[in-house]
Amino acid sequence: MNRRERRPPGWIQVVAVLIPILGCLTAMVMVHRWFPGLPGTLGFETDPDNLTQVVVPGSQEITFTEAGAYGVYYEYRSVVNGVVYAASKTPPALACRLTSRDTGDDIQVAPDYVPTNCYSVNDRERVGALIGSITMDRPGAYIFSCQYAHGGSEPDVVVAVGPNFVWEFFDIAAKTIVTATAGVAVLVGSGILAAVILIVAVARRRRGSGVAMAACLMVAAATLSGCMPAQAQGARRTVAPGACCDSPFQGCTIFTVSQGDRVFFGGNGDWINFESNYYWVDPGSDRRYGAIYFGVPDNVQQGFNEKGLAYDANGLPRVPVHTHPGRKPIYRGHSSSFIQILRECATVEEVVAWVREHRWHQSMHYQMHFADATGDAVVISAGPDGQLAFTRKPEGDGFLVSTNFNLANPLNGSYPCWRYDRAEALLREMEIKDELTAERAASVLDAVHVASPSSFTILSLVGDLPQGLVYVYLFHQFDVPIVLNVADEIARAPDPGPLRDLFPPATVSRVDRAYERLMARSVRCNRLGTAWLGLVAVSLVALLLLARSRGQAPGLWALVVAVLGPVGLLFWLFAAGERRASAFVEVAGDLVPYVVGMVAALLAAVRVPAIGQTSSLQLLTFFGLPLFVGLILYQGPVLALATERGYMRMLWERLPTVLVSTNLALAGLLAVGAPLVKAYLNTCGFSTRTALMWWAIYVLGAAAGGLPLYGYHTWAVRQGFAAWSTLLLDTSGAAGATTVSSPPWRSLSFWVVLSFVALVTGIVLGAVGSNAVEGLHWS
């Protein structure tokens, strides 16, 4: 048959090209019609300018245009008609009413103080937090009034009434998910349909043509990935300053080291806010010390005052602390406290005394690291008992390191931390060799800087505290610093501006090129995830077509291939061509839920910080979730349905087998998957497509876990125990095809012990591998 005969007819090729194009257009129309304001909806619905401000005590008429959830916000910093209002961050006791102008009926204003449901606009010109909730059933005009609960009339404060931002966010998020899911379904479906048309056309014209089939699979993969959006290479990623919540991937490394009269304070600022990083100077006065600051006014990252006192902070998960109401109050937010300390204190001893004299905030999501020109240093954090804890540097020569776990309570944060271990080792080596210089201190920061697309070292500082000098490094370019003299900067008092403006154009250009390379890596990583998704889809299409050509029904193999992708297809090809493949098929059937369970566990660990802070939660998540998925959601219902047995009976019969298979599969998944996931995060960071690569990595780990699992199932099949092979192998409708036999506990005592040994071995190998790749980064 000639090459023309092998090609699909021209009209089929045209249809195959038009289908994905129509799919893209259809998805765009769906997004526009279902959610026309999607790009700006969240910003509009959560815009504080949409709130109605009311000066309290007082009242005002408000028109509610829609039914739904509304909120009452206490603005402890506000501007109304040009008048500035400033009050305590803690809301006073207020009695608020909402009365219908038409009927006179009262609508309940339920007290609902939620400090985290907050907003900040115009560089904290207005800052508010939710103090009440309103459920509006009938839109219309209402009179909102608010008075002090104790009957007082002063001071005037401001409340704002409008949409409940949390509920608006969840409503918009739900609409976004539905819209995005529908759009992606149309895109992927159109790609699959086009691929199927091409593959069927070629298969009918030339059955068995491997070259034609491979070409069609390549076309299908390209089609599946063609409409998937990717972040532009030059796009800059930013986080809005003053946000209520911090990124889980933010981190900082801070240290103080002293030898004799030499004292250096070093810090890396690791986050993704590339643009909003400023430098400004407080010239001081006869009543306060002058200082230089880095970060943004609402979120001071580092500071150095004229007396040689330095400040930096590590981000931590938020925990409550005792406020000690009887002490001196602290007004405004957390950053104002840091600024006030640098204005009033000259030494670490004075800092400790200042903090102990003042009423602290209700919670802390950081630990403060202070150092002075004498070599003294302290890290102030929330202790396990909720009291402020003070971790001091040893007197005399030595060092103190802090990263993103609480020194006073390591469970609060990311412990253990490779940056902490590496910085401590380098400082100890420096201490032994007596080589303390600014360059050596900077080399420690260089060794622990991070460079992944979701978190990178933007700013590094080394302060020579006795000399009053600060070495500043932009975007981990440690060979081209600028040097600031704190006294000269305070005397000069330059205008505030972007930090990058301090550097020569050549350095800025070099930083921009390094940043673009980092973003280009992010695009490549995202394409890997898309390619894996396309490969899974192509494998599934190939299974369906090949099974049809052999007169077979794919059955449960479709699920195996949908989860394991090309590895699942290889399982099917081997099982189809090997008569003695029962143990092999049992392995394929077992691996499916463990890949799903591990990806789900990893996503849970990323999204729920408490899992990473508690060993018991880690064990429950990374062992319990795969076990739960494997037994409760997979083997129990699937095998009960196939055998027509009771669900609970099947759970009990399969429990010992599932326990053994879970341990053996996780041994490979953890040994291979943990280092690869760590390496991927270090290289590519975290994005919306990261889970796709985790999926691919755990499929590879499942292949490794299949090796010990194959040994177990070889034994089990020889003993007459089988489940998946009766469902997945083509038995041509022979009697007993759905018979499942499971070994009892007494027969598995050896395998239970051996499986736990394998699991522990896998955990150890995974930990060793993760530590080996933990500090790998590419600039």
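Here is a short tour of some salt bridges in this structure, one stop at a time.

Before you click, note that this is a predicted model, where local features need pLDDT of at least 70, side-chain atom pairs count only at pLDDT 80 or more, and totals for chains, interfaces and linings use all residues. Residues are numbered from 1 along each chain as its sequence is written, and side-chain values use heavy atoms, with hydrogens and water left out.

Side chains of opposite charge can pair when their charged atoms come close. A salt bridge here is a side-chain nitrogen of Lys or Arg within 4 Å of a carboxyl oxygen of Asp or Glu, and the structure holds 13 of them.

Start by selecting Arg392 and Asp376, whose side chains meet in a salt bridge at 2.9 Å, N to O. Arg392 sits in strand β19 and Asp376 in the loop between β17 and β18, so the pair ties together parts 16 residues apart in sequence. Strands (E, at least two residues) and helices (H or I, at least four) are DSSP runs, numbered from the N terminus. Is Asp376 buried or exposed? Asp376 is buried, at 17% relative accessible area, while Arg392 is partly exposed at 33%. Buried means under 20%, exposed over 50%, and partly exposed in between (1.4 Å probe, protein chains only).

Next, pick Asp479 and Arg510: the closest N and O atoms of this salt bridge are 2.8 Å apart. Asp479 is in the loop between β25 and β26, and Arg510 is in helix α11, so this pair links parts 31 residues apart in sequence.

Stay with helix α11 and select Asp512, which forms a salt bridge with Arg500 (2.9 Å, N to O).
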